[in-house]
Amino acid sequence: MRNRYLDLLRFLAIVRVVVYHVTGWASLTLLFPAMSVMFALAGSLMAASLHRSGPTAVGRRLRRLLPSLWVVAAVFVPAMLLTGLPLTPKVLLWLFPVSDPPANYWGALALSPIWYLRDYLWFVLASPIALWLFRRFPLPTLLAPYCLLLAIELGIYPNAPGVLREFGLYFGAWLLGFAHQAGMLRRLANRVLVPTVLVLAGVGGAWILAHPGPRGYDLNDNPLGNALWSAAFILVALGRAPSTAHWVDRNELFGRAVTVLNRRALTVYLWHMAFVVALTPLVDVVGWSHQDPLGLAIRIALVFLLVGVVTALVGWVEDVAAQRPAELIPGGRRPASLPAARHHAESRRGEEPDRTARPAGDSPPVEAGRAAEAPPVGAARAAGAPAARVGEGREDGVPGQRGRGGQVNAE
C-alpha cells in the first residue's frame, strides 16, 4: 500500500510552490523547502524502482516523465515560434531537455519550471551508478554533492559547469531519498539524528543570515544555505516519518485532494507558472497588491482554478504514461466487482508503492550573455541579479512574484 504520509508531503510541496509563486513570500522557502523535499521523494521512488527492476527502471521513469512535457511543448513552442523564437535545432530540446530548451521573452518566464525536469532527467540517468556507489560507500556517496557545492561556493572550484552546480545543490536530497528507501534514515538513533539535524540547520541558518540575497532570506538565492537547511528538514521529515497516515483520508474531500495532486503533480507543476504570469496584469488593472490579503487570496484561488481546468483537460496524459486507466479526476472509487488480479496489475502499472518500512538490498536555464539568441528557459537565474528583473534568480527553480506592481520574479 502507498504511504499516505509521503503523499501528504508531496501535496504540501506542490501547494507551497504555487503559493510562493503568487505571493513571493521568502519565509515559505525556509518553512518548507519544497523542491528539495520533492527531489528526496523522487530519489526514494527511483531507488525502489531500481531495486525492483534494475536499469530498465530508467526507461520506465523517462516514459512517465516526458509525455506531460510534450503536451506543454505542443501548446507553447508553436506560440513562441510565432512570437519571435528562432527555429533552430535547439528547439528539439523540448523533446528531451538534458539542456535548457530555448524560449522567447515571455516563454522563458512562463515555462521556467522546465529546470526541474532537466535536473530530474540528469538525476534519473545518473541513478544506476549512484545507487551502485551508495550501496557500497553510503556515507562518502551521500556527502559528495555537499562537498562539491561547498567547493563551488567557497571559490575552491570557480566557474563550475551548471550541471555540477545543480548536482551539488539538489542531488544530495536525491541521495537522502536513497537512504530513506533503504531504511537507513529510520534506523538512525536519536543520539545521531538530533545532533546532525542541529548542526546542519545551525550552519545552514548561519550561512543564510550572513549571506542574504536580493530577496532577503530566500533559500533560492543561497545554494549552500539551501542545501544544508533542506538536508536538516529532510532528515526529520523522512527520518521520523510515520509508517502510514490513515488520518489523511478521514476527511474524504481532503484525502481526494491529496490523491489528485499526487497523480497530477507534474501537470500542476509545469502549467501553474503560466497562469501566475498571465494573471500578473490584473495587479495593475484591479489593484490586487501583494500587501492586500484578499487580493492575494483571490489570485491564489484563480491560479488553482485555472490549473484545475487545464489538469482536467490534459492531466490524463500522466495516467497513460504510467499505464493506468485514464481518469478525469483521479482517486475515484473502484468498482466493487473489480477482480483482485486486475487490481493488482493496475497497481503495478500505476504509482509505485512506498517501500520505506522495509530496508532494501541495496516520486515540476541557459547561460547568460547570449543576447543574439532567444533566452532559454531559466536563463535569468544569474546569481545575485536583482529580484525584480524578469527571469533572474529562482525559487524552487521556478519564477515567482514579489514586490509591488505585480512584477514577476524567478524563484
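**Entry 1: helix 3 and helix 4.** I began with a contact list: Leu 45, Met 46, Ser 49, Leu 50 and Ser 53 of helix 3 touch Thr 56, Ala 57, Val 58, Arg 60 and Arg 61 of helix 4. Contact here means heavy atoms within 4.5 Å. Sorted by class, this contact holds 5 nonpolar, 3 polar and 2 charged residues. Nonpolar covers Ala, Val, Leu, Ile, Met, Phe, Trp, Tyr, Cys and Pro; charged covers Asp, Glu, Lys and Arg; the others, Gly among them, are polar.

A note on what I am reading: this is a predicted model, where local features need pLDDT of at least 70 and side-chain atom pairs count only at pLDDT 80 or more, while totals for chains, interfaces and linings use all residues. Residues are numbered from 1 along each chain as its sequence is written, and side-chain values use heavy atoms, with hydrogens and water left out.

Helices are DSSP runs (H or I, at least four residues), numbered from the N terminus. Next I looked up the geometry: the axes of helix 3 (residues 34-53) and helix 4 (residues 56-82) come within 8 Å and cross at roughly 135°. That angle makes helix 3 oblique to helix 4. The axes are lines fitted to C-alpha atoms over the stretch in contact, and angles run from 0 to 180 degrees between N-to-C directions. Under 35 degrees is roughly parallel, over 145 roughly antiparallel, 65 to 115 roughly perpendicular, and the rest oblique.

**Entry 2: helix 4 and helix 13.** How does helix 4 lie relative to helix 13? Helix 4 packs against helix 13 (residues 265-279) at about 25°, with the axes 9 Å apart. That makes the two roughly parallel. I found Arg 64, Leu 65, Ser 68, Leu 69, Val 71, Val 72, Val 75 and Phe 76 of helix 4 meeting Leu 266, Thr 267, Leu 270, Trp 271 and Ala 274 of helix 13. By class, I noted 10 nonpolar, 2 polar and 1 charged residues.

**Entry 3: Ser 68.** Is Ser 68 buried or exposed? At 6% relative accessibility, Ser 68 is buried. Buried means under 20% relative accessible area, exposed over 50%, and partly exposed in between (1.4 Å probe, protein chains only). Setting aside neighbours within four places in sequence, Ser 68 touches Leu 266, Thr 267, Leu 270, Val 317 and Glu 318.

**Entry 4: Asp 319.** I then went to helix 16 (residues 316-321), where Asp 319 sits. Asp 319 is buried, at 0% relative accessible area. Its side chain makes a polar contact with the side chain of Arg 264 at 2.7 Å. A polar contact is a pair of N or O atoms within 3.5 Å; within protein, one must be able to donate a hydrogen and the other to accept it, and residues adjacent in sequence count only if both atoms are side-chain atoms.

**Entry 5: Ser 127.** Ser 127 belongs to helix 6 (residues 114-136) and is buried at 0% relative accessibility. Which side chain makes a polar contact with that of Ser 127? The partner is Trp 174, at 3.0 Å.

**Entry 6: two loop residues.** Asn 159 lies in the loop between helix 7 (138-153) and helix 8 (162-181), and is exposed at 72% relative accessibility. Its phi is near 55°, a positive value in a residue other than glycine.
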